[in-house]
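Could you walk me through this model, one region at a time? I'd like to see how the pieces sit relative to each other.

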Amino acid sequence: MISNQETELKLLPKVETTDSRTGRPISEGAEKWLGVPIKCLDHGFVYLVDYMGNDEAIEQAARVSYGRDARPVSDTQTLLRYLLRNDHTSPFEMASLKFHAKMPILTARQWVRHRTAKINEISGRYSKLPKEYYVPEPEVLAEQSKSNKQGRGKALEHDQALKKISVIKQTCEEEYAKYEGLLNDDGTGQPIRSGEPMVAREIARGVLGTNFYTEWYWKIDLHNFMHFSKLRTHPHAQYEIRVYAEAMARIAKEAFPITWRAFEDYERQAMRLSAVEKKILAEVLREKGVRVSLPELMTAAKNAGLTNKREKEEMAEKWQELGLLTDI
């Protein structure tokens with residue numbers, strides 16, 4: 001057996017922003033959101049229950065690939081932006097977020113499509129579900145889109161919307177009355193109407209529609225959360241899930257500010273071009289005589305706030321590939 005005195009462990013430096021009591025990395029931006037609910041829709045909410053890591057912890061995980069002495073532990077921003085820009089995503093899986101959220105079942109069914117998360121949902125088998133159902137605001141009611149089978153089209157006139165809302169409310173009230181009738185439970189485990197059966201909760205809940213609320217704990221690593229956020233905050237996403245996605249993005253932006261800025265630059269606010277679209281763009285611009293010199297391109301980059309040398313070099317390579325740079 002080798003004692004600790006006979007060997008020297010070669011460890012990566014600790015993350016500087018750590019809790020003095022536990023030694024774990026902390027994020028001041030995440031700490032301010034712990035247990036602070038953000039209201040969503042009429043009865044819903046989302047709040048941060050817990051998190052793991054911060055921007056510096058992601059950097060630390062990435063630098064283990066290089067070894068302790070291969071490069072200095074500095075400039076977190078430069079490294080994280082490089083990783084995200086070049087799809088080196090595994091270090092971002094080292095950080096995670098855990099939320100408590102309450103949402104309509106119709107929203108939960110879209111949400112759960114993101115199978116990279118861990119979920120623990122309230123069970124209607126064990127508990128009587130509350131009388132809480134989602135009623136849309138008049139301004140979000142719209143016709144079925146004629147061009148998008150899963151989207152909304154023209155908004156309803158206000159009076160029309162109010163009539164449809166009345167139908168939604170009446171339907172949900174009737175469903176809950178049937179649910180309670182099947183349960184036949186006075187709250188103490190005794191029947192309200194003696195002589196009638198008390199139908200099991202796991203069966204009785206089946207009469208409730210997807211407008212009724214559910215809730216869960218939802219834990220996901222940062223890499224997959226960014227993917228969720230990119231899809232679910234997009235204008236084409238359904239309004240209801242977008243409300244929750246935007247609320248959680250607000251928290252993540254403060255919890256991991258360097259990573260989130262890079263994510264917005266390279267993913268959330270970026271544009272992807274297909275090979276054909278790239279070819280068309282290059283041909284149209286060349287036909288119009290749009291070509292610039294490298295110094296001109298670098299000046300434009302500086303004016304746009306792009307200062308990192310490597311990022312500017314990568315941008316110049318793209319312009320050169322498109323044939324839009326004059327001879328260097």
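L222 lies in helix α7, which covers residues 222-232; helices here are DSSP runs of H or I with at least four residues, strands are DSSP runs of E with at least two, and both are numbered from the N terminus. L222 counts as buried because its relative accessible area is 0%, where buried means under 20%, exposed over 50% and partly exposed in between (1.4 Å probe, protein chains only). If you look for K178, 44 residues away along the chain from L222, you'll find the two C-alpha atoms separated by 42 Å.

Before going further, a word on what you're looking at: this is a predicted model, in which local features need pLDDT of at least 70 and side-chain atom pairs count only at pLDDT 80 or more, while totals for chains, interfaces and linings use all residues. Residues are numbered from 1 along each chain as its sequence is written, and side-chain values use heavy atoms, with hydrogens and water left out.

Now for the strands. Strand β1 (residues 38-40) pairs with strand β2 (residues 44-52) in the antiparallel sense, over three bridges; two strands pair if DSSP finds at least two bridges between them. C40 stands opposite G44 of β2. The hairpin of β1 and β2 has three residues between the strands, and L41 there takes a positive phi near 55°.

S123 sits in the loop between β4 and β5 (142-144). Its C-alpha is 9.5 Å from that of W216, although 93 residues separate S123 and W216 along the chain. The S123 side chain also reaches the backbone nitrogen of R125 at 3.1 Å. That is a polar contact, meaning a pair of N or O atoms within 3.5 Å; within protein, one must be able to donate a hydrogen and the other to accept it, and residues adjacent in sequence count only if both atoms are side-chain atoms.

What about the cysteines? A disulfide is a covalent bond between the sulfur atoms of two cysteines. With the cut-off set at a pair of cysteine sulfur atoms within 2.5 Å, the count comes to zero disulfides. The sulfur of C40 has its closest cysteine sulfur in C172, and because that one is 19 Å away, it is too far for a bond. C40 is buried, with a relative accessible area of 0%, and C172 is buried too, at 4%.

Next, move to helix α3 (residues 76-85), where you'll find T76. T76 is buried at 13% relative accessible area, and its side chain makes a polar contact of 2.8 Å with the side chain of E59.

How many salt bridges are there in the whole structure? A search finds 18, taking a salt bridge as a side-chain nitrogen of Lys or Arg within 4 Å of a carboxyl oxygen of Asp or Glu. In one of them, the side chains of E311 and R85 meet at 3.8 Å, N to O. This pair links distant parts of the chain: E311 is in helix α12 (residues 309-321) and R85 in helix α3, 226 residues apart. R85 also forms a salt bridge with E314, at 2.5 Å, N to O. That pair spans 229 residues, again with the glutamate in α12 and R85 in α3. E314 counts as buried because its relative accessibility is 17%, and R85 counts as buried at 18%.

E196 has a relative accessible area of 41%, while R193 comes in at 30%. Elsewhere, salt bridges that share partners join R81, R85, R261, D265, E311 and E314 into one network.
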